[in-house]
Amino acid sequence: MHEDTRSPLSERPPEAAPCAAWADPAPLGLAGFALSTLLLSIVNTNLLKEPAAILPVLGVAAFYGGLAQFAAGLFEFRRGNTFAATAFVSFAAFWLSYWWIAPRVALAGDAHNALGLYLLGWAVFTAYMTVGALRVSLPVLAVFVLLTLTFLFLAIGSFQTGVPPHVMTQVGGWFGILTGLAAWYASAAGVINEAHGREVLPAWRREPGRSEPGAREERSV
């Protein structure tokens, strides 16, 4: 007769594996957005007049503003944060589309009206996302308000022609610099506060978050 060699412990029902904690992807997405926005905005202000100044912008736009932000958005979907997921994936798509469009426009010729429509569409998207940002935090709200104005001024500037960039494009560049700095602050607050386990940089959140696995987590984008 075959002897049952199982340990008495094996008769116990298996314990549920502890749920793994998910790191907050928002600081990564905000950092990728911030640096990409700052570099492009400095070019838009016409502070940099180097013919090849756009090349570092395109590189950062593709890999940091695009791919890293896209990854952050996917993790926000997993965390149940609709606002952050929509924002990160959408702006990742913006940076990837910009990376693809910019060099082709330079080769194809004048497309200022088409680019104006492109930027105006992003201004509309950012404007209604700003309504959602009212329930997130003050730094994030600042990012979306400033970004809406950035897209609006850039769209107006794109509908115009001329070299150097139209004055509205330059105004949009300055608003873009402010947008990037606000996004960097929001990213820094997320990283530093998490690392120190307390609020070192004020985040001024509108809704206290919950960190239980499986719960709707903190709206930190």
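Tutor: Helix 2 has a kink of about 40 degrees, centred on Ala61. Keep in mind that this is a predicted model.

Student: How is the bend at a residue defined?

Tutor: The bend is the angle between two fitted axes, one for the seven residues ending there and one for the seven starting there. In helix 2 the kink is about 40 degrees and is centred on Ala61.

Student: What span does helix 2 reach, and what is expected?

Tutor: Helix 2 covers residues 54-78, 25 residues in total. From first C-alpha to last it reaches 34 Å, close to the 36 Å expected at 1.5 Å a residue.

Student: Which residues of helix 2 are buried, and what covers them?

Tutor: Among the buried ones are Val57, Leu58, Ala61, Gly65, Gly66 and Gln69. The cover includes helix 1 (26-44) and helix 3 (82-108). Trp95 is in contact with Ala61, Gly65, Gly66 and Gln69, among others.

Student: What comes just after helix 2?

Tutor: Gly80, with a positive phi of about 80 degrees.

Student: Now the rings. How many aromatic pairs are there?

Tutor: The count comes to 17.

Student: Why is the pair of Phe94 and Trp122 called edge-to-face?

Tutor: The ring centres are 5.2 Å apart and the planes stand at 75 degrees. The cut-offs are 6.5 Å for pairing and over 60 degrees for edge-to-face. The pair meets both, so edge-to-face is the label. Phe94 sits in helix 3 and Trp122 in helix 4 (residues 112-133), 28 residues apart.

Student: Why does Phe94 count as buried?

Tutor: Its relative accessibility is 5%. Buried means under 20%, so Phe94 qualifies.

Student: Why does Trp122 count as buried?

Tutor: The value for Trp122 is 15%. That is also under 20%, so Trp122 is buried.

Student: What makes Trp122 and Phe151 a stacked pair?

Tutor: The centres lie 6.4 Å apart, with 25 degrees between the planes. Pairing needs centres within 6.5 Å, and stacking needs planes under 30 degrees apart, so the pair is stacked. Trp122 is in helix 4 and Phe151 in helix 5 (residues 138-159), so parts 29 residues apart in sequence are tied together.

Student: Which rings does the cluster include?

Tutor: Ring pairs link a set including Phe33, Phe91, Phe94, Trp95, Trp122 and Phe151.

Student: How many residues has the largest nonpolar core?

Tutor: That core has 38 residues. Phe33, Phe83, Phe91, Trp95, Phe144 and Phe151 have the most contacts inside it. Helix 5 gives the largest share, 9 residues.

Conventions: Residues numbered from 1 in each chain as written. Predicted model: local features only at pLDDT ≥ 70, side-chain atom pairs only at ≥ 80, totals over all residues. Heavy atoms only, no water. Helix = DSSP H or I, 4+ residues; strand = E, 2+ residues; numbered from the N terminus. Expected span 1.5 Å × (residues − 1). Buried < 20%, exposed > 50% of the residue type's maximum accessible area, 1.4 Å probe, protein only. Contact = heavy atoms within 4.5 Å. Phe/Tyr/Trp six-rings, centres within 6.5 Å; stacked < 30°, edge-to-face > 60°. Core = buried A, V, L, I, M, F, W, Y, C linked by side-chain atoms within 4.5 Å. Lists of a residue's contacts leave out its neighbours within four places in sequence.
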